[in-house]
Amino acid sequence: MQSKQPCPICQRQKNSPAIFESEDWLVRHSSETNIVGYVLIEAKRHFLDMAEATPAECASYGEILQRVTKGIRRLVPAERVYTFTLGEVVPHFHVHVIPRTSQMPRGYRGRGILTYPLEPKADSALIEIFSDGMAKALSKH
Ligand SMILES: [Zn+2]
């Protein structure tokens with residue numbers, strides 16, 4: 001990405017509401033999947049990876065990751081909850097948090113999740129129901 005291009009995550013944070021916001025993090029449902037419960041945790045501040053995080057961001061990262069994972073487990077019958085961060089497409093720290101249910105085809109399990117198709121998108125009504133549940137789960141802390 002050219003440094004002169006605006007960061008799409010910074011842009012999105014200005015323009016589109018998230019499920020939940022803490023001092024350092026935003027939580028939103030992914031728009032590039034049909035996996036209901038596929039959540040992104042985005043740093044509110046623009047930085048590449050945890051090497052550039054402040055001590056406060058490091059401390060709150062574990063907490064938000066646990067709260068999101070617990071929320072997913074409450075709302076989706078996940079056998080596993082995958083978490084990973086790559087930063088290749090958008091160099092703004094964000095974490096993919098993906099429930100893997102028993103329904104997911106075997107080829108997409110484990111590292112296969114990286115080949116999961118971005119389209120079609122999930123039913124927006126299901127995402128809304130999930131997002132409402134996640135917002136409630138996250139606000140109860
Ligand atoms: Zn950014």
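Two strands pair if DSSP finds at least two bridges between them. Helices (H or I, at least four residues) and strands (E, at least two) are DSSP runs, numbered from the N terminus. The views below show a predicted model, in which local features need pLDDT of at least 70 and side-chain atom pairs count only at pLDDT 80 or more, while totals for chains, interfaces and linings use all residues. To find your place, count residues from 1 along each chain as its sequence is written.

**View 1. Five strands come together in an open sheet.**
Follow the strands across in the order β1-β2-β3-β5-β4, and you will find that the pairing is antiparallel. Which strands stand at the edges? They are β1 (20-21) and β4 (78-84); each has a single partner strand, so one side of each is left without a neighbour in the sheet.

**View 2. A hairpin leads from β1 to β2.**
Three residues make the link between these two strands. β1 and β2 (residues 25-29) are antiparallel partners, paired over two bridges. Look for E21, whose bridge partner in β2 is L26. Helix α3 (residues 124-139) packs on the sheet here and touches both β1 and β2. Its direction makes about 150° with that of β2. Such angles run from 0 to 180 degrees between N-to-C directions, and axes are lines fitted to C-alpha atoms, for helices over the stretch in contact.

**View 3. Strand β2 and its neighbour β3 pair over five bridges.**
β3 covers residues 39-43 and runs antiparallel to β2. One place to look is R28, which stands opposite L40 in β3. Is β2 mostly enclosed or open? Five of its five residues are buried, so β2 is largely enclosed by the rest of the structure. Here, a residue is buried if 20 or more other C-beta atoms lie within 10 Å of its own, exposed if 12 or fewer, and partly exposed in between, with C-beta atoms placed from the backbone. W25, V27 and H29 point one way from β2, while L26 and R28 point the other way.

**View 4. Strand β5 is paired with β3 and with β4.**
Four bridges join β5 to β3, and six join β5 to β4; the strands run antiparallel in the β3 pairing and in the β4 pairing.

**View 5. V95 sits in strand β5 (residues 94-101).**
V95 counts as buried because it has 20 C-beta neighbours inside 10 Å. In the sheet, V95 is the bridge partner of I41. Which residues does V95 touch, not counting those up to four places away in sequence? They are L40, I41, L65, T83 and T85. Two residues are in contact if their C-beta atoms, placed from the backbone, lie within 7 Å. For a sense of scale, the C-alpha atoms of V95 and S60 are separated by 14 Å, and these residues are 35 apart along the chain.

**View 6. Helices α2 and α3 cross at roughly 130°.**
Two packed helices are described by the angle between their axes and the distance between the axes. The axes of α2 (residues 55-75) and α3 come within 9 Å. The two helices are therefore oblique to each other. Angles under 35 degrees count as roughly parallel, over 145 as roughly antiparallel, 65 to 115 as roughly perpendicular and the rest as oblique. The crossing of α2 and α3 is right-handed; a crossing has this hand if the near helix is turned clockwise from the far one by less than a right angle, and is left-handed if anticlockwise. From α2, the contact uses R67, K70, G71, R74 and L75, and from α3 it uses F130, G133, M134, A137 and L138. By class, this contact has five nonpolar, two polar and three charged residues. Ala, Val, Leu, Ile, Met, Phe, Trp, Tyr, Cys and Pro count as nonpolar, Asp, Glu, Lys and Arg as charged, and the others, Gly among them, as polar.

**View 7. A cis peptide bond joins E119 and P120.**
Most peptide bonds are trans. The omega angle of the bond between E119 and P120 is about -5°. P120 lies in the loop between β5 and α3. G110 is also found in the loop between β5 and α3, and it counts as exposed, with 11 C-beta neighbours inside 10 Å.

**View 8. E88 is found in the loop between β4 and β5.**
Is E88 buried or exposed? E88 is exposed, with 7 other C-beta atoms within 10 Å.
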